[in-house]
Amino acid sequence: MSVEIGYLALLLDAPLQSWGFQSRFQRRTTGLHPTKSGVIGLICAAMGVAKGSAKERELLPKLAELSMTSIAIPRQQASRWKGKVEDWPVRRLEDFHTVLGTRRASGTLNDDPVVTRRQYLLDARFGVILSGDRALLEHVAAALENPTWGVWFGRKSCIPAEPLFRGLHETLAEARKTLIGDTPLEAFTRVTDAPSFAAGTDSYNDVPVSFGREDSSSEGRQFALRRVNVEVGRTAEPGGEPE
Amino acid sequence: MKLIELHILQSFPVSCLNRDDVGAPKSATFGGVTRARISSQCLKRAIRQAAAELQPTLYAGRRSRLFTEKITEVLVERHKLDPKVAEALAKCAAHYLGKLDPKDERKVKTLMFLSPDEFNCLADLLKELSEDDRNTLCQAVERISPEELEKAEETDEGDAEETIEKETSTKKTKEKEKPLTAKQFTKLVAKVLKTPIRKTFKESSVKGLVKDAADIAIFGRMVASDHSLTVEGAGLFSHALSTHKADNDIDFFSAVDDLQPTEEAGAGMTGTLEFTSATYYRYVGLNLDLLKQHLAALSADEFKSVVETFVRASILAVPGARKNSMNAHTLPCYVLGLVKDKGQPLQLVNAFEKPVFSKNGLMDASITALKEHHEQLKRTWGIQPVLEVAIPDKSLDDFCKEIIAHVS
């Protein structure tokens, strides 16, 4: 109870983002919300923590313990017809990409290029609130403001289009307000860590246990389940009068 | 991080620089409308090749499956090793890094990104092996057949220790001639080479020796079999997006048959090609701190030369697709160069979230939008670049000079 709690607000804004939670081999999909593994991976890149390093082993359990809420904040446009505010829909893009010099399951060399399909989210924007040990979050905040390696959203080409760090706050309400202003939270689709299994609506396999082993980047990746509560934003127009 | 950022606006007329599975130019939706897109992978390759052309001695990394021969060569010529021993050792090193190809044992199965200085480091390391270790490797190569390699399965390093122990006990019972399975071979090689390779590459002793791997330092390297060779690239590249709404168009074409009698009407063949025409925004960043770490062996002047080459290549490189039929080789109209002492990498692409619309050409309107957005970001977030310089306000030479003055 001596641990002071802080609320770290992040804005994830980029034209292309990719939050994979079941990507394997050629098909690299994206979920519709930021994953905990993706956000913690981003923090590790900002802190310059190498995959499978001793530093990772020390830091990862602490980071995984932080509670995460993500809020989908739509990009909006003023409709040309009625001056009504409309949300741009988030779309998925499937990028076609070829890779040479791969192996078949049998171990033989594949002479043909392998097609990989990599999905991105388009027109997406998210507010993320991480809450937990304030001392740890202070380190994270410093790293995000001046990252060691860089920051990107799920894939290295997904470079932020807005400053990411939106303050380390004392209260949840304050952190929320920075991200969504005075619009009620119910207006937004959001994913929150559930306090218990019964309180959750879905489970994601996205809590990083290990990002890899020191001697082999392809092995030792391990994730644990996260019980979440997915709440869909009321379709009531955020900030607009009903017709 | 200390960071160089280039924000580039460039128009490509009729072109298809990067296509999808049906041959159409790639696209994406941004701000609710369709944009033309060139993927970061495609741009990276063009920049990497341009940099190697501009500065071949510092950008000497090559993606290849053929490095067994390179290592053998160094072992024979520099270290005067017996060619047979040299080849066996090189094969083992190659197998450890990329798995030998059963069809052609000079090749490995995956493309490896290595530079000549790194080949030398590998050769030195093999030469330094103890007589015992060398013998173990040479015998291992004799005991492995292409057929076994063909049968190779994914190696599971989980039970590596166990099998190696069995291996040594096999040896004790003097069954040295017994053929090895691919799995056993892999483990035997890993047992001997893992520690020296990891030591050399991980503990950055190699960084003091490698002077020609600027491309590996910038574009990164991922090595699945040994993480110590993985390099986090210092370069950051976004997908290029058009600043405006852009739809793909279809070019219907007919080809004339030169030998067809004149009285016969009709084309020799007809077909269609998809293309687009757009003004793009793209972002290139370079993490100077990380680059410096990777290229510790370079002198200050060499380091500056690496950075300058990269800046030039990033500005000048154009993907080569449909070079002959569409020749889209243009130069950027506007480049905003920033040097920042701290802060996060930041694209200025939101300047175009509201698509640029103009009846007087898209470039001027795009430049205005970019400048306004940048000023607004600086005001709001207190971002203070240590240098702001732009093309065409400055010539390319002066632009590079000003940036390099901030590189130390």
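Which residues does Leu130(A) touch, not counting residues up to four places away in sequence?

1. In this predicted model, local features need pLDDT of at least 70 and side-chain atom pairs count only at pLDDT 80 or more, while totals for chains, interfaces and linings use all residues. Residues are numbered from 1 along each chain as its sequence is written, chains are lettered from A and ligands numbered from 1 in the order in which they are written, and side-chain values use heavy atoms, with hydrogens and water left out.

2. To take up the opening question, Leu130(A) touches Gly6(A), Tyr7(A), Leu8(A), Leu10(A), Val39(A), Ile43(A), Leu66(A), Ser67(A), Met68(A) and Leu137(A), once residues up to four places away in sequence are not counted; contact here means heavy atoms within 4.5 Å.

3. Leu130(A) also belongs to the largest nonpolar core, which has 117 residues, and with Leu8(A), Leu144(A), Leu291(B) and Val307(B) it touches the most other members. Such a core is a set of buried Ala, Val, Leu, Ile, Met, Phe, Trp, Tyr and Cys residues joined through side-chain atoms within 4.5 Å, where buried means under 20% relative accessible area, exposed over 50%, and partly exposed in between (1.4 Å probe, protein chains only). Helix α1 of chain A, residues 36-47, gives this core its largest share, 8 residues; helices (H or I, at least four residues) and strands (E, at least two) are DSSP runs, numbered from the N terminus. A second, separate core has 42 residues, among them Ile71(B), Leu81(B), Cys138(B) and Ala190(B).

4. Chain A as a whole has 4 helices and 15 strands, and of its 243 residues 52% are buried. Among contacts in chain A with a separation of 6 or more, 74% are between residues 24 or more positions apart.

5. Where chain B and chain A meet, the contact takes 62 residues from chain B and 51 residues from chain A. The area buried between them is about 4600 Å², with 50% given by carbon and sulfur atoms; buried area is the accessible area (1.4 Å probe) that two parts lose on being put together, summed over both. In chain B, the residues that lose the most area to chain A are Lys109(B), His227(B) and Gln344(B), together 13% of what that side buries.

6. The rule finds 5 salt bridges across this interface, a salt bridge being a side-chain nitrogen of Lys or Arg within 4 Å of a carboxyl oxygen of Asp or Glu. Asp95(A) forms a salt bridge with Arg37(B), and their closest N and O atoms are 2.8 Å apart.

7. Val311(B) lies in helix α11 of chain B, residues 300-316, and is buried, with a relative accessible area of 2%. Leaving aside neighbours within four places in sequence, Val311(B) is in contact with Leu6(B), Phe399(B) and Cys400(B).

8. Some backbone details deserve a careful look, because most residues other than glycine have a negative phi, and most peptide bonds are trans. The peptide bond from Ile391(B) to Pro392(B) is cis, with omega near 15°, and Pro392(B) is found in the loop between β13 (387-391) and α14 (396-404) of chain B. Asp123(A), in the loop between β10 (114-122) and β11 (125-133) of chain A, has a positive phi near 60° and counts as buried at 1% relative accessibility. Arg322(B), which is not a glycine, has a positive phi of about 50° and counts as buried at 14% relative accessibility.
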